[in-house]
Amino acid sequence: QVQLVESGGGLVEAGESLRLSCAASGRIFSINPMYWFRQAPGKQRELVAGVSQNGGRTNYADSVKGRFTISRDQGKNTVYLQMNSLKPEDTAVYYCHMISGGRHFWGQGTQVTVSS
């Protein structure tokens with residue numbers, strides 16, 4: 001079994017910051033690309049950021065570029081999302097995602113709410 005567990009969500013005011021964490025556990029025998037997605041009520045899940053296996057490459061949605069930073073622990077399937085200058089439109093459930101051995105795994109999600 002593979003599990004992804006997110007943490008770090010919460011309620012903040014616009015302009016403030018949060019740092020999300022996600023740790024993978026279970027039968028994982030490689031370091032994998034990891035991603036953050038988010039989903040607001042009534043909207044499709046969207047890709048927020050991704051990081052390569054070795055952390056050397058990252059990509060971001062245009063809406064968060066310059067404000068969010070994805071990173072990972074060296075040699076581990078642990079990923080972070082530093083979210084700065086948060087906006088109300090960032091409000092969503094944030095999900096950690098990992099592809100391992102051709103399978104897709106998702107965390108349970110952590111709620112991020114940004115008030116104006």
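## About the model

Because this is a predicted model, local features need pLDDT of at least 70 and side-chain atom pairs count only at pLDDT 80 or more, while totals for chains, interfaces and linings use all residues. Residues are numbered from 1 along each chain as its sequence is written, and side-chain values use heavy atoms, with hydrogens and water left out.

## The nonpolar core

Let us start inside. The largest nonpolar core has 29 residues, and those with the most contacts inside it are W36, L81, M83 and Y94. A nonpolar core here is a set of buried Ala, Val, Leu, Ile, Met, Phe, Trp, Tyr and Cys residues joined through side-chain atoms within 4.5 Å. Buried means under 20% relative accessible area, exposed means over 50%, and partly exposed is in between (1.4 Å probe, protein chains only). At least two residues of this core come from each of β1 (2–7), β3 (18–26), β4 (34–39), β5 (46–51), β7 (68–72), β8 (78–83), β9 (92–100) and β11 (110–115). The largest share, four residues, is supplied by β9. Strands (E, at least two residues) are DSSP runs, numbered from the N terminus. In soluble globular proteins, nonpolar side chains tend to be buried together.

What does M83 touch, leaving aside its neighbours within four places in sequence? The list is E16, S17, L18, L20, R67, F68, Y94 and V112. Contact means heavy atoms within 4.5 Å.

## An aromatic pair

How many aromatic pairs are there? The count comes to one. In this pair, the ring centres of F37 and W106 are 4.9 Å apart and the planes stand at 65°, so the pair is edge-to-face. The rule is that rings of Phe, Tyr and Trp (its six-membered ring) pair if their centres lie within 6.5 Å; planes under 30 degrees apart count as stacked, over 60 as edge-to-face and the rest as tilted.

The pair links distant parts of the chain, with F37 in strand β4 and W106 in strand β10 (residues 103–106), 69 residues apart. F37 is buried, at a relative accessible area of 17%, whereas W106 is partly exposed, at 35%.

## The largest pocket and R67

Now look for an opening. The largest pocket holds about 170 Å³ of space. It is lined by R38, Q39, A40, K43, Q44, E46, S63, R67, E89, D90, T91 and A92. On a 1 Å grid over the protein atoms alone, a pocket is an open set of points where a 1.4 Å probe fits, with protein on both sides within 12 Å along at least five of seven lines; lining residues have an atom within 4 Å of a point. Grid points are joined across faces, edges and corners, and the volume is the space filled by probe spheres set on the points. By class, the lining has two nonpolar, four polar and six charged residues. Here Ala, Val, Leu, Ile, Met, Phe, Trp, Tyr, Cys and Pro count as nonpolar, Asp, Glu, Lys and Arg as charged, and the others, Gly among them, as polar.

Is R67 buried or exposed? R67 is buried, with a relative accessible area of 11%. Beyond its neighbours within four places in sequence, R67 is in contact with Q82, M83, N84, S85, L86, K87 and D90.

## Loops and strands to visit

S85 sits in the loop between β8 and β9. Its phi is near 50°, a positive value in a residue other than glycine, and S85 is partly exposed at 41% relative accessibility. S52 is buried at 9% relative accessibility, while G56 is exposed at 58%. Not counting residues up to four places away in sequence, S52 touches P33, R57 and R72.

In strand β2 (residues 10–13) you will find G10, which is partly exposed at 24%. The C-alpha atoms of G10 and V112 are separated by 5.1 Å, although these residues are 102 apart along the chain.
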